Amino acid sequence: MADLSCKIAGIDSLNPFWLASAPPTDKKYNVVRAFEAGWGGVVWKTLGIDPPVVNVSSRYGAHHDQNRRLLGINNIELISDRPLATNLQEIRECRKEYPDHVIIGSMMAPIEERAWKDLAQQIAESGVHGLELNLGCPHGMCERGMGSAIGQVPEMVEQVTRWVKDAVDIPVFTKLTPNITNILWSAEAALKGGADAVSLINTVNSIISVDIDNMVPEPVVDGKGTHGGYCGSAVKPIALNMVAEIARTPETRDLEISGIGGITTWKDAVEFMALGSNAVQVCTAAMIYGFRVVDDLIDGMSQWMDDKGYTSVEQFTRAAVPQVSDWNELNMNFDTKAVINPDNCIECGRCHIACEDTSHQAITMTDKPEGGRLFEVVDEECVGCNLCYHICPVPDCITMEPVKTDKPPMTWPEHPLNPMRVAAE
Amino acid sequence: MTTLQAKQASKSGAVHGGAGHNDADDGFSDLHPAYSTLQAMAESNRCLYCYDAPCVTACPTSIDIPSFIRKISTGNPDGAAKTILSANIMGGTCARACPTEVLCEEACVRNVAEDTAVEIGSLQRYAVDHLMARDLPHPFKRAPKTGKTIAVVGAGPAGLSCAHRAAMLGHDVVVFEAKPKPGGLNEYGLAAYKMTNDFAQREVEFLLGIGGIEIEYNKALGKDINLADLKAKYDAVFVGVGLGSTNDLGLKGEDFPGVDDAINFIEKLRQTEPKSDMPVGNNVIVIGGGNTAIDAAVQAKRLGAEEVTLVYRRGPENMSATEFEQDLAKTNGVVVRYWAKPVAIKANGKLMGMEFEKTELDASGKLVGTGETFEVRADQILKAIGQKIKTDDLAGMEITGGKIVVDKNYQTTAPGVFAGGDCIKSGEDLTVQSVEDGKQAAIAIDAFLKTA
């Protein structure tokens with residue numbers, strides 16, 4: 001079995017799987033259960049200055065598919081609503097009882113130097129391995145000038161990070177909000193402030209659904225609803241892009257990354273790490289299935305590493321980053337065509353109608369003499385868009401085959417049809 | 001046969017197959033219990049929403065199956081029901097009684113992908129039952145009145161389907177029915193465990209909600225009414241009389257007490273409540289290889305017959321009963337004997353049994369007796385060797401091969417008289433085919449009346 005131990009921001013972890021700051025890490029009872037289940041670490045639910053916040057009921061909304069599987073959740077819960085002293089005492093106990101497991105203290109305070117520094121020092125004294133600055137919460141706390149209200153202003157991100165770095169001598173993770181136009185601005189700000197790593201993404205601002213019987217956004221609080229933070233597998237593509245942007249941009253590529261956002265399976269975790277994360281944090285998958293999901297995360301990643309011959313996670317961390325390009329760097333002379341394997345085809349006709357109605361009329365449907373229907377790709381019309389390949393319900397029935405061309409690679413800046421073309425000579 | 005059906009069939013067999021079962025009424029609860037919302041949701045999401053779907057082509061009424069299933073999966077079961085009923089107003093009965101395993105579900109692409117079809121029949125039932133349970137206004141509107149009146153003979157699936165579509169097209173309809181209740185085969189001819197909870201009557205009531213349809217009961221063609229009068233009095237006539245007579249074995253003693261037509265047995269059982277009041281023999285022989293034979297054999301067993309033997313003159317692959325039906329017989333403890341033909345009815349003051357001769361195919365492929373015989377004891381014999389039309393009632397219409405001849409517009413050789421259902425040769429003798437006949441005939445009659 002492959003060795004899954006890893007290091008992020010100088011902190012050694014048994015494996016790359018930490019529970020993100022959220023309800024699952026709000027108290028010792030849960031954290032103990034998580035460690036027993038196999039999680040390498042936890043980011044304790046965000047701590048604030050007393051008196052503790054007060055939460056509402058209900059708190060979660062859901063985005064289901066038609067089989068009632070949860071694709072995403074949004075929540076309007078605030079930071080830990082337990083007294084700071086209670087949380088810190090339980091952190092001390094957990095540190096003592098589970099010395100090999102990582103505990104990071106998530107924290108949030110109003111935009112005042114003293115507040116951040118005092119709170120950071122109190123939490124650091126409880127023995128946490130590091131601090132994570134919650135600059136992302138998109139609901140409730142931001143209306144009080146915290147969370148994403150700070151995270152959306154790069155200058156404040158830098159300032160807060162620096163305050164905390166100055167106050168403590170343990171690693172600091174700056175947690176970024178995705179609710180901005182360009183993640184690089186806040187990542188760079190965190191770097192400038194001295195962050196040892198960035199954590200991303202926090203939840204995405206959202207209204208997840210509407211109760212159309214009562215015409216209220218969900219979750220409903222006594223007849224009214226509000227925007228909340230969206231998470232779960234639905235946000236994974238957004239998070240992956242932001243992680244990759246930070247990892248591939250020269251100004252920010254030195255930042256270590258704790259990847260967060262819809263990680264549900266070991267494969268998701270591998271993808272996050274391949275695109276730049278040194279370790280990952282999981283929340284929604286655990287909320288849906290319980291802490292036991294870590295078993296697949298560990299086992300699946302380990303099996304995959306064995307298959308690929310990787311002996312440490314560092315060997316594939318960032319391995320996909322060099323292949324992430326700007327559109328302008330793509331080879332326009334590369335061509336693929338769909339190929340339908342008639343032996344695997346179950347004749348559902350979906351490739352045909354999708355291409356016919358919405359793409360390039362490149363898949364014909366004809367009656368076979370012996371009965372049934374034959375679906376064939378018209379090569380001249382096929383632009384290799386992948387739509388049929390993606391919608392086909394049968395794996396490996398439609399494949400995308402590269403077309404052999406003798407043309408050399410050519411990017412758009414070099415393309416003869418580009419009116420802005422820069423002469424190569 | 002799909003896994004779910006097999007499971008249900010074997011479950012029924014296990015519970016009700018035992019000899020000397022004294023709680024017969026239990027044996028007539030739903031053969032396929034209705035889906036819960038969760039089951040409907042899970043199953044509807046198995047549908048791939050095929051384009052130009054093979055299941056639609058396989059349905060005689062061409063219901064847009066992918067569309068109705070998608071509507072179930074999005075939480076729109078009443079919309080799904082309307083999609084079904086717009087093509088097949090008796091979608092509720094068809095969902096229960098159709099041999100889906102050889103129609104829509106046989107064509108399902110999931111058979112290729114996973115060896116298990118989407119349970120289209122159960123989903124259809126879920127949708128139609130959902131709509132009918134809501135007591136909403138009838139889902140279809142009538143076109144402006146045309147002032148034309150159509151006579152429909154027979155309140156079975158063909159006649160009622162024709163009446164409904166004709167009413168929708170703006171015509172007024174009078175239905176003449178020989179029996180005291182409407183529904184035809186749906187009310188009298190389907191096994192009780194396929195049509196529980198008086199569904200046939202509820203469906204007719206629902207169908208009549210369109211308005212413009214009157215039904216006159218106890219009016220038999222050739223006895224209480226005749227075609228000449230109907231032609232004179234109405235703008236068009238539709239004949240959907242079904243098959244009113246049964247084939248004989250041609251053996252001595254066929255009128256002996258205890259020897260009966262299987263359809264009479266099924267009809268009596270359908271009208272008996274509680275079912276345990278229905279008398280049944282201890283040793284029952286059923287002769288035939290169609291679904292009627294299976295229905296009779298399984299129900300005889302469930303009523304408590306000790307031994308039920310189904311005898312068919314050819315092999316299982318030649319039976320017109322579907323594989324599912326054949327399995328249902330076996331899992332209910334019916335003894336099935338192939339390759340044997342009845343040669344004599346044995347009686348000695350009372351019915352004793354039957355003598356059979358083994359059969360085989362000769363070199364030319366013709367079915368012949370081998371000369372070897374055997375006897376099966378019986379105190380009840382049920383014949384299910386086919387039905388035929390009562391030709392003497394249908395003067396003026398050409399009959400060929402025991403069926404009324406119609407052109408592609410369902411018009412008989414008698415001008416202005418249309419026909420459909422089992423009394424014509426259109427497809428399999430199934431409710432769903434009759435519904436399609438009736439619907440298409442109504443559309444043809446409408447065109448006929450516009451040019452007349």
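# Exercises on strand pairing, helix contact and confidence

In strand β6 of chain A, A:Ile73 is the bridge partner of A:Ala62. The model is predicted, so local features need pLDDT of at least 70 and side-chain atom pairs count only at pLDDT 80 or more, whereas totals for chains, interfaces and linings use all residues. Residues are numbered from 1 along each chain as its sequence is written, chains are lettered from A and ligands numbered from 1 in the order in which they are written, and side-chain values use heavy atoms, without hydrogens and water.

**Exercise 1.** Determine in which sense β5(A) and β6(A) pair, and over how many bridges.

*Solution.*
1. Helices (H or I, at least four residues) and strands (E, at least two) are DSSP runs, numbered from the N terminus. Two strands pair if DSSP finds at least two bridges between them.
2. β5(A) pairs with β6 (residues 70–75) of chain A in the antiparallel sense, over five bridges.
3. The two strands form a hairpin with five residues between them, and A:Arg68 in the turn has a positive phi of about 65°.
4. β6(A) also runs antiparallel to β14(A), to which three bridges join it. In β14(A), A:Cys231 is the bridge partner of A:Ile73.

**Exercise 2.** Describe how helices α1 (residues 28–37) and α2 (residues 84–97) of chain A cross.

*Solution.*
1. Axes are lines fitted to C-alpha atoms, for helices over the stretch in contact, and angles run from 0 to 180 degrees between N-to-C directions. The axes of α1(A) and α2(A) come within 10 Å and cross at roughly 20°.
2. Angles under 35 degrees count as roughly parallel, over 145 as roughly antiparallel, 65 to 115 as roughly perpendicular and the rest as oblique. The helices α1(A) and α2(A) are therefore roughly parallel to each other.
3. On the side of α1(A), the contact (heavy atoms within 4.5 Å) is made by A:Lys28, A:Val31 and A:Val32, and on the side of α2(A) by A:Glu90, A:Glu93, A:Cys94 and A:Glu97.
4. Ala, Val, Leu, Ile, Met, Phe, Trp, Tyr, Cys and Pro count as nonpolar, Asp, Glu, Lys and Arg as charged, and the others, Gly among them, as polar. By class, this contact has three nonpolar, no polar and four charged residues.

**Exercise 3.** State the strand order of the open five-stranded sheet in chain B, and which strands stand at its edges.

*Solution.*
1. The order is β6-β13-β7-β8-β9, with parallel pairing.
2. β6 (259–261) and β9 (335–337) of chain B each have a single partner strand, so one side of each is left without a neighbour in the sheet.
3. On average, neighbouring strands of this sheet are turned by 20° against each other, direction ignored.
4. Within the sheet, β7 (residues 283–287) and β8 (residues 307–311) of chain B pair in the parallel sense over five bridges; B:Thr309 in β8(B) is the bridge partner of B:Ile285.
5. Helix α14 (residues 262–271) of chain B lies across β6 and β13 (380–383) and runs at about 75° to β6(B). Helix α15 (residues 291–303) of chain B lies across β7, β8 and β13 and runs at about 170° to β8(B).

**Exercise 4.** Locate the stretch of chain B over which pLDDT stays under 50.

*Solution.*
1. pLDDT is the predictor's confidence in each residue, from 0 to 100. Its mean over chain B is 92, and 94% of the residues of chain B reach 70 or more.
2. Over residues 1–22 of chain B, pLDDT stays under 50.
3. Where pLDDT is low, the predicted coordinates should not be read in detail.
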